[in-house]
Amino acid sequence: MSNYKVTVLGAGLAGCEAALWLAGKGVQVELYEQKPAHFSPAHKSEGFAELICSNSLKAERLDSASGLLKEEMRRMGSQLLNAAEVARVAAGGALAVDRDTFSAEVTRMVEAAPNITVHRERVEHIDESTPILVATGPLTDGALADEIGRLTGDERLHFYDAVAPIVTAESLDYEKVFAASRYDRGEADYLNCPFNKAEYEAFINELVNAEGAIVHDFDVYEGCMPIEKLAKRGLDAPRFGPMKPVGLVDPNTGHRPWACVQLRRENSKGTMFNLVGFQTNLKFGEQKRVFSMIPGLENAQFVRYGVMHRNSFLNSPKLLNNDFSFRNKNNLFFAGQITGVEGYMESAASGIMAGINAVRRAQGKEPFTLSDVTMIGALSDYISDESVKNFQPMGANFGVLPAIEPKIKDKKERYAAMAQRALASLEESMKTL
């Protein structure tokens, strides 16, 4: 395929996955990345595939939606999952990474690939004369955002995303915090901060009355809802969400806590932990004051406070086909969160699909698509489904897959059967590549 060239805009997860897949097939890739000339409000590192929100790539079990998605990606030749193995940190049944190590490894892989030419510069115009894959992410701004608006007729939507705080391990009170994974699933890789009823209610009261950093004209949160917004939905909302205590026993009491905050390793050395599910829009001083009420975090040292940033995505059902090509524009493809797939691995998977189809378009071949019984195929169909009227980003979940017949009552068995069906279908589809 050395006679074919594809331009990729953006060296995030989707762009890097696409570039590496294409380069591995002999395609010449021109990869453009705006850092370090320009940083978005959320990006800090010069490295590729920078993780902004969580450092977790979610569950690995095949009977989980995220586990199935990753297995499909492995079988399709994902390179980012190889990088994730290099950067892996302990996280029970989940695949979590040291974000700096992960970014460094992806950057190394891309820069070492003989068929990829990296350009560290901003792009303001989309040249459709040859296949071009736009994977500039949900923080696309400036002239390129205006260019996309022109191409799409300004069919863009917006939502706000949030980032969780990080604390140092040495500043935690280990007489209160205990190590455990829910239901003893996997190793005891999470630290848990248990609340009794009085502590929880006092914490929620301060949380809902704390001062936020920004007031926006519209109030739509997808994927990472701020913890304070969730708390305003009702006293028990966090306790049935990210602060759920189920599957945990406080060794100090021998009982399940009333509520619990989990801390997950942020790096491979275990010197930092992030507050799971605690993305927030509170002012930094308010974060310090309120989150220090969490048992075990009274003297916590915050190495990063939570921040909010705007994410943008296309109204993809009106604009994209399920091969991630732009309708009525032969050489234009999109991938990543800008398409409305929600999540790190979902974005990377879309990069594989868009990369495959960009070069197939150049070769004059029919698009490569997957059945909706696969997780990647179902997500591809969702973002291109013209019947969807109120489009919102979607991550991997078994709800997007068609039901399996005959129905299996046990959920775990049902999901396992759906996973096996998906992988069998994927293997058949892969024979056509």
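A disulfide is a pair of cysteine sulfur atoms within 2.5 Å, and the structure shown above holds zero of them. This is a predicted model, in which local features need pLDDT of at least 70 and side-chain atom pairs count only at pLDDT 80 or more, while totals for chains, interfaces and linings use all residues. Residues are numbered from 1 along each chain as its sequence is written, and side-chain values use heavy atoms, with hydrogens and water left out. Helices (H or I, at least four residues) and strands (E, at least two) are DSSP runs, numbered from the N terminus.

**Cysteines**

- A disulfide is a covalent bond between the sulfur atoms of two cysteines.
- The sulfur of cysteine 260 has its closest cysteine sulfur in cysteine 193, at 6.5 Å, which is too far for a bond.
- Cysteine 260 is buried, with a relative accessible area of 0%, where buried means under 20% relative accessible area, exposed means over 50%, and partly exposed lies in between (1.4 Å probe, protein chains only).
- Cysteine 16 also counts as buried, because its relative accessibility is 0%.

**The five-stranded sheet**

- Five strands form an open sheet with parallel pairing, in the order S6-S2-S1-S7-S16, and two strands are said to pair if DSSP finds at least two bridges between them.
- The edge strands of this sheet are S6 (116–120) and S16 (332–334), each of which pairs on one side only.
- From one strand to the next, the twist averages 20 degrees, where axes are lines fitted to C-alpha atoms, for helices over the stretch in contact, and angles run from 0 to 180 degrees between N-to-C directions.
- Strand S1 (residues 5–9) pairs with strand S7 (residues 132–134) in the parallel sense over three bridges, and valine 8 has leucine 133 in S7 as its bridge partner.

**The three-stranded sheet**

- A further open sheet has three strands in the order S3-S5-S4, with antiparallel pairing, and its edge strands are S3 and S4, each pairing on one side only.
- Helix H2 packs on this sheet and touches S3 and S5, and its direction makes about 110 degrees with that of S3.
- Strand S3 (residues 56–59) pairs with S5 over two bridges; serine 56 stands opposite alanine 96 in S5, and alanine 59 has alanine 94 in S5 as its bridge partner.
- Strand S4 (residues 88–89) likewise pairs with S5 over two bridges, with arginine 88 opposite valine 97 in S5.
- The hairpin of S4 and S5 has four residues between the strands, and glycine 92 takes a positive phi near 60 degrees there.
- In strand S5 (residues 94–97), Ala94 and Ala96 point one way while Leu95 and Val97 point the other way, and all are buried.

**A buried aspartate in a loop**

- Aspartate 63 lies in the loop between S3 and helix H2 (65–75), and with a relative accessible area of 14% it is buried.
- Leaving aside neighbours within four places in sequence, aspartate 63 is in contact with Phe398, Lys412, Tyr415 and Ala416, where contact means heavy atoms within 4.5 Å.

**A pair of packed helices**

- Two packed helices are described by the angle between their axes and the distance between the axes.
- Helix H6 (residues 197–209) and helix H8 (residues 284–291) pack at an angle of about 170 degrees, with their axes 10 Å apart.
- That angle makes H6 roughly antiparallel to H8, since angles under 35 degrees count as roughly parallel, over 145 as roughly antiparallel, 65 to 115 as roughly perpendicular and the rest as oblique.
- Phe203, Glu206 and Leu207 in H6 meet Arg289, Val290 and Phe291 in H8.
- The residues of this contact divide into four nonpolar, no polar and two charged, where Ala, Val, Leu, Ile, Met, Phe, Trp, Tyr, Cys and Pro count as nonpolar, Asp, Glu, Lys and Arg as charged, and the others, Gly among them, as polar.
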